[in-house]
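Here's a quick briefing to read alongside the sequence and the 3D view.

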Amino acid sequence: MSLKWRIFTAISAIMLIILALLWVCQTVFLNSFYKAVKVYETKQVAEEIAKNMSDEDIEYQIAALSNKHDVSIKVLDADFKSLYAASAREMHSFFGNIPDSEFYSFYKKAVEEGGTYTEYFGGFGITGKGKGDKQADTAKNAPTSFMIAKVTADNAGGYYTIIVNTTITPVDSVITTLRVILIFVTALTVVLVLITALILSAGLSKPLKKISDKAKVLATGDYDVEFEHSTVKEIDELADSLNYAKTELGKMDTLQKELIANISHDLRTPLTLIGGYAEVMRDIPGEATDENLQVIIDESKRLTSLVNDVLDISKLSAGVGQMQPEVLDLKQCIEAIIPRYNKLVEKDRYQILFSYGSIQTAPVYADRTRLEQVIYNLVNNAVTYTGEDKTVRIELLEKADSFAVHIIDSGEGIEEDKLPLIWERYYKVDKAHRRAQMGSGLGLSIVKQILDAHSAAYGVNSTPGEGSDFWFEMKKAGLSA
Ligand code: ADP
C-alpha cells in the first residue's frame with residue numbers, strides 16, 4: 001500500500017469515527033441530552049427557592065429566577081393557598097388551567113418520592129403521564145412541558161409546596177438543521193482529507209522516492225551521489241545516514257583498492273628476493289651461503305606475517321573464531337611477549353622497558369591469544385616507529401576498577417588529524433616512510449576489533465616529534481569470575 005493511500009485511509013478512518021460520533025450525538029441523543037439538562041436546571045431552580053424561602057426578598061428572587069430560566073413558579077402554603085407566583089413569558093395562564101386539587105396530588109406524590117416529583121405533560125393539559133413513562137419520549141408524543149414539585153418545611157412546622165414548570169421546545173427542527181450542516185461538514189471533510197493526504201504524501205513519498213532512486217545509483221558503485229534534505233526531520237536523518245554510509249563505503253572502496261595495490265607490492269618484493277636468491281644459489285657455486293639462506297628465511301617470514309594479518313582481519317570481521325575469554329594475568333601476558341624481541345634487543349640494541357609499579361598480578365577477563373595479539377601489534381608498531389633512542393616503554397597501571405597498559409615510543413608521533421584514521425583498515429600515515437612500508441596497515445585495525453570485542457577502552461596520545469602513547473584499559477576480573 002502506498003504512503004499516499006495509507007495516510008488517506010488513516011485520516012479518513014479518524015474523520016469517519018469523529019463524524020459518526022457527531023451524527024449519533026446530534027441526532028439520536030440530542031433529545032435526551034436536552035431533556036436531561038432541562039430537568040436538571042429546573043430542579044436546581046426548585047432547590048434554590050426551597051433553600052431561600054425564609055429570605056425577605058424571596059418574592060423578588062422568584063421573579064428573577066422565573067425570568068432567567070424561563071420557567072413558571074408557584075409557591076403554595078400548607079393550605080394550598082398561593083403565596084407567590086411568577087410566570088414564564090409565553091405561558092401566562094399556565095397555572096390557571098390547573099385545579100387546586102391537582103396541586104394537592106403533586107404535593108402527595110412529592111412527599112411519597114422523598115420531596116421532589118417530576119411530571120411530564122403532552123401539552124397544556126394534564127395527560128397523566130408519569131415520570132417513569134420513557135416511551136412518551138418519542139418524536140410523536142414527546143412531552144411538551146414538565147413540572148417539578150418540591151416540598152420543603154416552613155419555620156412554623158408546616159410546609160411549602162414549590163411548583164416549577166417549564167416547556168420543552170421540540171428539537172426536531174434543530175436536528176434537521178444539524179443534519180444538513182453535518183452533510184456539508186462530511187463532504188468538506190472528505191475533500192480536505194483528500195487534499196491533506198495528497199500534500200502529505202507529496203512531502204513524504206517524493207523525497208523518499210528520490211532517496212530510494214539515489215540509493216540504487218549508490219548500489220552500482222557510484223559514490224558521488226548526494227542524498228538531499230527535505231522538510232521532514234526523519235527523512236533528513238535518513239539522508240544523513242545514507243550520506244554517511246556513502247562516505248564510509250567510498251572510503252572502504254578506496255582503501256580496498258589501495259590494499260590490493262599495497263599487498264601486491266608487499267608480496268612482490270619478498271617473492272622477487274626469494275626467487276632471485278634461490279636462483280643465484282642454484283646457479284652460482286659457492287653462493288649457497290648462510291647469509292643468503294637467511295635472506296630467504298626472513299623474506300618468507302615477512303610474507304607469512306603479511307598473509308596472517310590479512311587472514312586475521314578477515315576472520316575478525318566475519319566473526320569467525322569465537323572469543324574464548326578466561327581470567328588471565330595481564331602482567332604475565334606482557335612478560336611472555338617481551339622475549340620475542342630478544343633478538344632485536346641483542347642485535348640492534350633496542351630497549352624494551354616494562355614497568356608495573358607494585359602490581360603483583362593483574363587479573364582481567366579476556367581471550368589470551370587475542371590479547372597477546374593486541375600487545376604484540378602495539379609493541380611491533382612502537383618498535384617500528386620509535387626514535388633514535390630505540391626505546392619502547394610498556395607501562396602497566398592499576399586503576400580503581402581496571403588495569404591500563406601504555407605502550408610508549410619516542411618516534412615521530414602522529415599528527416592530530418590523522419589520529420582517528422590510523423585505526424581504520426589499510427590506513428598508513430606516511431606511505432613514503434621506509435619502515436612503514438613494511439606494515440600492512442592492518443595492525444591497528446586488528447587491535448581495534450579485538451579491544452572492541454572485549455568492550456575495552458583504548459586510544460592514543462601522540463605529539464608529533466615526541467612520540468606516541470598507545471593505551472588500552474581492561475576491567476579487573478572479579479575473583480569469582
Ligand atoms: P602498519 O602495518 O602500517 O603499521 P597499523 O594499522 O599498525 O599499520 O598502523 C596504521 C598506521 O598508524 C601506520 O601506518 C603508522 O603510520 C601509524 N602508526 C601506528 N603506530 C604508530 C606509532 N607507534 N608511531 C607513529 N605512527 C604509528
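Which residue in strand 2 does Leu 76 stand opposite? It's Ser 82. Keep in mind that this is a predicted model.

- Leu 76 and Ser 82 face each other across two paired strands: strand 1 (residues 72-76) runs antiparallel to strand 2, with 4 bridges between them.
- Those two belong to an open, antiparallel sheet of 5 strands, ordered 2-1-5-4-3.
- Strand 2 (82-86) and strand 3 (116-121) sit at the edges, so to speak, each pairing on one side only.
- Going from one strand to the next, the twist averages 15°.

**Helices on the sheet**
- Helix 1 (residues 3-51) packs on the sheet and touches strand 1, strand 3, strand 4 (145-153) and strand 5 (159-167).
- The direction of helix 1 makes about 30° with that of strand 4.
- Helix 2 (residues 58-69) packs on the sheet too, touching strand 1 and strand 2, and its direction makes about 35° with that of strand 2.

**Nonpolar cores**
- The largest nonpolar core has 45 residues, and Leu 330, Leu 371, Ile 375, Ile 394 and Phe 472 have the most contacts inside it.
- Skipping neighbours within four places in sequence, Ile 375 is in contact with Leu 330, Cys 333, Ile 334, Ile 337, Ile 407 and Phe 472.
- There's also a second, separate core of 20 residues, including Val 39, Ala 46, Met 53 and Ile 62.

Definitions and conventions:
Residues are numbered from 1 along each chain as its sequence is written. This is a predicted model: local features need pLDDT of at least 70, side-chain atom pairs count only at pLDDT 80 or more; totals for chains, interfaces and linings use all residues. Side-chain values use heavy atoms; hydrogens and water are left out. Two strands pair if DSSP finds at least two bridges between them. Axes are lines fitted to C-alpha atoms, for helices over the stretch in contact, and angles run from 0 to 180 degrees between N-to-C directions. Contact means heavy atoms within 4.5 Å. A nonpolar core is a set of buried Ala, Val, Leu, Ile, Met, Phe, Trp, Tyr and Cys residues joined through side-chain atoms within 4.5 Å. Buried means under 20% relative accessible area, exposed over 50%, partly exposed in between (1.4 Å probe, protein chains only).
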